[in-house]
Every structure is written in structure tokens, then in C-alpha cells.
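Have the sequence and the 3D view open as you read.

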Amino acid sequence: SKSGIHRLITSLEQRGFIKRLKHKARAMEIIKSINYSPINNDTISRQSSNHSISIPLLGSIAAGIPIEAIENADEFIDVPSSFISSTNQYFGLKVNGQSMIENGIYDGDIAIIKKTNYVQNGKIAAVLTVENEVTLKTIKIQNSKIYLIPANNNYQEKVFNLNDVQIQGVLSGLI
């Protein structure tokens, strides 16, 4: 929404990342930049970061056809401290697929997930199914059923019994 974008731009301006140009509609200048550079094909690291925190990169998450859950705690990724709270645990997952593109989540992004087993309706969460498959979808819980809703018309909504899925965490940010 327009008000949501206005809030984000105002926040960037207050943090000193951008400056709005006076007397020019919708014009801004980037003051500070966050430099990211690939280390290899699987991870992205923030360089020269005095305000970043390392979190485990546990593998991939499907944003499309569910994939088998694989945990690999040997890799870590640095994320801006503004993405996370010190009172919660977080982990990163590399997004595979196109099912969430209308929510701005693209293939190759790294999803920062806040570890929790509870999610509110309408939130995007990482969900583990009984088949040991993990996927990233918008959640709707109704009548002892959980609906995994994609943000791409080319994908179908999936419905499970609440006992057949386990919430792994809620989306906190994207890199």
C-alpha cells in the first residue's frame, strides 16, 4: 500500500540511508549503501558490517513445490541487526521457486526466519509437512485445517490437518 511504502521510505531516511530531494516529486538520493558480495553460489555475506549478526543458514526452502527438509548448520550468514531481535532465535533459508513472487519473495533470496511454532493468520511462515517437506507460504488456520496459500496464481493452495504440519518459524526479513 502507499502508506506502507511511505513508512519504509521514511524509516530509510531517518536511518540515514537515503535523502529526499526537495522540490522534485518522488526523487531521492542514496547516502549509505549496504555492500553485499557473493562468497559462493549458496551464501551471501554482508561485508564491513559492524551492525550485523551471524545466523545459521540451514539450507533451502521451497517457494513452489515442497522440497525435503535438509539441515546444514555448518554455514552462517551475516544479517543486519535491524532484521532480528536479541530475544528470539533466527535462521536463514535460501528460497527455491516462484510461488511467493507476488509478495516480493524471489528464487535465490535468503529468507530470515524467526524460530517459533506459532503463527498468526495471514503471516508468511516456514512449514514442515508430514512428508518431511518444508515450504514457505502464507498461512490461514480455520476449522482444524491449515491452508498454505501461495502468492502466485500458477500455484495451488494446499490444505492439511493441523496435526500434519509443524510451523518452523515466521518470515522476519529477506536478503
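Two residues are in contact when heavy atoms of theirs lie within 4.5 Å. Keep in mind that this is a predicted model. Among contacts between residues at least 6 apart in sequence, 56% join residues at least 24 apart.

Now for the inside. In soluble globular proteins, nonpolar side chains tend to be buried together. Here the largest nonpolar core has 16 residues, and I61, L93, V95, M100, I105, I113 and L136 touch the most other members. Which elements give two or more residues to this core? They are β5 (52-62), β8 (90-96), β9 (110-115), β10 (124-129) and β11 (133-142). There's also a second, separate core of ten residues, and V119, A125, V127 and V170 are among them.

Zoom in on L93: leaving out residues up to four places away in sequence, L93 touches L57, L58, G59, S60, I61, D109, I110, A111, I113 and A126.

A111 turns up again in the strand pairing, where A111 stands opposite L174 in β14. The strand β14 covers residues 165-174, and here's how two other strands pair with β14:

| Strand pair | Sense | Bridges |
|---|---|---|
| β9 and β14 | antiparallel | five bridges |
| β10 and β14 | antiparallel | five bridges |

On the β10 side, you can find L128 with its bridge partner Q166 in β14.

Note on methods: Residues numbered from 1 in each chain as written. Predicted model: local features only at pLDDT ≥ 70, side-chain atom pairs only at ≥ 80, totals over all residues. Heavy atoms only, no water. Core = buried A, V, L, I, M, F, W, Y, C linked by side-chain atoms within 4.5 Å. Buried < 20%, exposed > 50% of the residue type's maximum accessible area, 1.4 Å probe, protein only. Helix = DSSP H or I, 4+ residues; strand = E, 2+ residues; numbered from the N terminus. Pairing = 2+ DSSP bridges.
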